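Subject: Structure for you to look at

Hello,

Here is the structure I promised to pass on. Please open it next to this email and follow along.

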Amino acid sequence: MRKKSILDLSIDELKEQLEDLKEPSYRAQQIFSWLYKKRMYSFDDMRNLPAPLRERLKTVYNITPLRLSRHLKSKDKSEKFVFELQDDRFIETVLIPSKKRNTVCLSTQVGCRYGCIYCASGLKGFVRDLRPSEITAQVLFLQREFNIHITNIVLMGMGEPLDNFLSVSKAIGIMNSPEAMGIAARKITVSTCGIVPGIEKVSRLGLQVNLSISLHAGDDRLRSRLMPINKRYPLKLLTSACEDYFKKTNRRITLEYVLVKDLNDSLRDANGLSAIARRLKAQVNIIPYSRVASLEFDPPLQKDVKAFKTNLQRKGVNVTVRESKGSDISAACGQLALP
Ligand code: SF4
């Protein structure tokens, strides 16, 4: 039987397991410290645990569920890590270093069921949800094997995070916990294509995580064409869920807008986007599209990116243009795909 990863357990779950073994609950803190602070991959190295407990843990659990399959470096300094899971599936993780921070973009599912037409992740459909350990281990691997100080987490890789809410919320709890990774909630961003009930669940988490909506269109007609989820949760429902989220959490939402040539880069599109952004008091990130070999879209011209941005600014919208990193290693937004 395949062993379960111990990284799947929250500290309270680990305490319960230890209680069943008649071990004191402080052992859970010791084990968490070995796993997440000292980043040990072997129970034998956990020297302050009694030998019988180490043996017992070894028979029930393994530690990391990931194996590095490929590591690619972009000329813009971003890096892509392709990980093999225990069932021989693959996921991709992207590291985006900058002067002040090291951001890691995590996958939350193998494949994706939402089929946004500009995105490679959904091309082969949905395979399965990731377990919490398979999400947190992406961070742990970079910290441990490459000694990278991860400052920010974005759940924007392969998969729709709010379609795998249980695993994602548990992974966020572990990443945020001072006993584990201790990454501040404000440094963690959850992205969604617009799963309305999931947005409500995020607001109930009681954590100060950031919410980012992949909007990509300013009206229902275009958005439904680009993102089939919009037929189920059209803009009226999506924007009112975002308003509720803002009221409950007082956290400003970010709207992500991948700008594609001749698709969503007109003045009319800018007007639709600015109306939504103003209503939500949201920050807008414009991301010029990066080409995906199997798709027929084109990146926007630089002058059109500038004009689009100016149109939004004239309407009083807070807007930033973010160059998508790692396009030469297929690590940019929308480029992560199943091999
Ligand atoms: S953009 Fe997100 S939700 Fe849409 S297909 Fe890609 S991974 Fe799935």
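Start with the second largest pocket. R2, K3, K4, S5, D8, P65, Q86, D87, R128, R131, S133 and E134 line it. Some terms first. On a 1 Å grid over the protein atoms alone, a cavity is a set of points where a 1.4 Å probe fits but cannot get out, while a pocket is an open set with protein on both sides within 12 Å along at least five of seven lines; a lining residue has an atom within 4 Å of a point. Two elements each give two or more residues to this lining: β1 (4–5) and α4 (132–146). Helices (H or I, at least four residues) and strands (E, at least two) are DSSP runs, numbered from the N terminus. The lining has one nonpolar, three polar and eight charged residues. Here Ala, Val, Leu, Ile, Met, Phe, Trp, Tyr, Cys and Pro count as nonpolar, Asp, Glu, Lys and Arg as charged, and the others, Gly among them, as polar.

A word on the source. This is a predicted model, where local features need pLDDT of at least 70, side-chain atom pairs count only at pLDDT 80 or more, and totals for chains, interfaces and linings use all residues. Residues are numbered from 1 along each chain as its sequence is written, and side-chain values use heavy atoms, with hydrogens and water left out.

Now the ligand. Around it stand C112, Y114, G115, C116, Y118, C119, S121, G159 and C193. Near means that a heavy atom of the residue lies within 4 Å. This shell holds six nonpolar residues, three polar and no charged.

Next, the sheet. It is open, with 10 strands in the order β3-β4-β5-β6-β9-β10-β11-β12-β13-β14 and mixed pairing. Two strands pair if DSSP finds at least two bridges between them. β3 (67–73) and β14 (319–321) are the edges; each has a single partner strand, so one side of each has no neighbour in the sheet.

Walk in from β3. β3 and β4 (residues 79–84) run antiparallel, joined by six bridges. K73 sits opposite E79 in β4. β4 also pairs with β5 (residues 90–97), antiparallel, over six bridges. There F81 faces T93 of β5. Five residues lie between the strands of this hairpin, and D88 has a positive phi near 65°. β5 then pairs with β6 (residues 102–105), antiparallel, over four bridges. L95 has V104 of β6 as its bridge partner. β5 and β6 form a hairpin too, with four residues between them.

Best wishes
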